[in-house]
Amino acid sequence: MTLDTTRLNRERNFFATGQTLWLFGYGSLIWKAEFPFHERRPAHIEGWARRFWQGSHDHRGTPEAPGRVATLIESPGAICQGMAYRIDAEVLGPLDVREKNGYLRERVTLHFAEGDHAEGLIYLATADNAAFLGAAPLDEMAHQIAAAHGPSGANRDYLLHLADALEELGAEDRHVFGLAARVRGITEA
Ligand code: BEZ
């Protein structure tokens, strides 16, 4: 699949125009929601695990030295906690551009902290996109993240902001917290 998914996402209109929709943030959207929203609520999705398996050539790395950012991997029994935003559909246009590096809009069921649920949207980078890096040992990923920088800043900051935001949410995520501890160890040594 092409690296620039902006055009593909324009066709992926799963929700009626003129109505608001829920967007689930599991990565930078948790701590960096630079878009208008009507409300936001802590939520989780089921059957998905957050993994730093997507390459970032345009935000937290470069084509020569890509960083690693979050995507979701299907994982029966797993729970991924994050933040849901109720937005107008027009908000997705700029987000498609911001997240054009392999992410596609997908539908998902969101479960809110209060017990109710709703259909919503995620941005998902699957293994067939050109920027996908896939699994690697945690130590190896931590060294890559500690070293990578891109136009949006240090890859380290992306990871540590996410770890802090998840901690604030009271979320459990061994993958993210394990990476964050290793990266702190490398960069504070
Ligand atoms: C997010 O949910 O934070 C997100 C992750 C990847 C691309 C866009 C948004």
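On a 1 Å grid over the protein atoms alone, a pocket is an open set of points where a 1.4 Å probe fits, with protein on both sides within 12 Å along at least five of seven lines; lining residues have an atom within 4 Å of a point. A volume is the space filled by probe spheres set on the points, which are joined across faces, edges and corners.

The model is predicted: local features need pLDDT of at least 70, side-chain atom pairs count only at pLDDT 80 or more, and totals for chains, interfaces and linings use all residues. Residues are numbered from 1 along each chain as its sequence is written, and side-chain values use heavy atoms, without hydrogens and water.

**Exercise 1.** Describe the largest pocket and its lining.

Solution. Step 1: the volume of the largest pocket is about 160 Å³.
Step 2: the lining includes Arg50, Arg51, Cys80, Glu172 and His175.
Step 3: β2 (39-56), β3 (67-88) and α6 (174-187) each give at least two lining residues; helices (H or I, at least four residues) and strands (E, at least two) are DSSP runs numbered from the N terminus.

**Exercise 2.** Find the backbone atoms that face oxygen atoms of the ligand.

Solution. Step 1: a polar backbone atom of Tyr26 is 2.7 Å from a ligand oxygen.
Step 2: for a backbone N or O atom of Gly27, the distance to a ligand oxygen is 2.7 Å.
Step 3: a polar backbone atom of Leu29 lies 2.9 Å from an oxygen of the ligand.
Step 4: of the 260 Å² of accessible area (Shrake-Rupley method, 1.4 Å probe) that the ligand has on its own, the protein covers 99%.

**Exercise 3.** Locate the salt bridge of Glu39.

Solution. Step 1: a salt bridge is a side-chain nitrogen of Lys or Arg within 4 Å of a carboxyl oxygen of Asp or Glu.
Step 2: Glu39 pairs with Arg86 at 2.7 Å, N to O.
Step 3: Glu39 is in strand β2 and Arg86 in strand β3, so the bridge ties together parts 47 residues apart in sequence.

Technical notes: A polar contact is a pair of N or O atoms within 3.5 Å; within protein, one must be able to donate a hydrogen and the other to accept it, and residues adjacent in sequence count only if both atoms are side-chain atoms.
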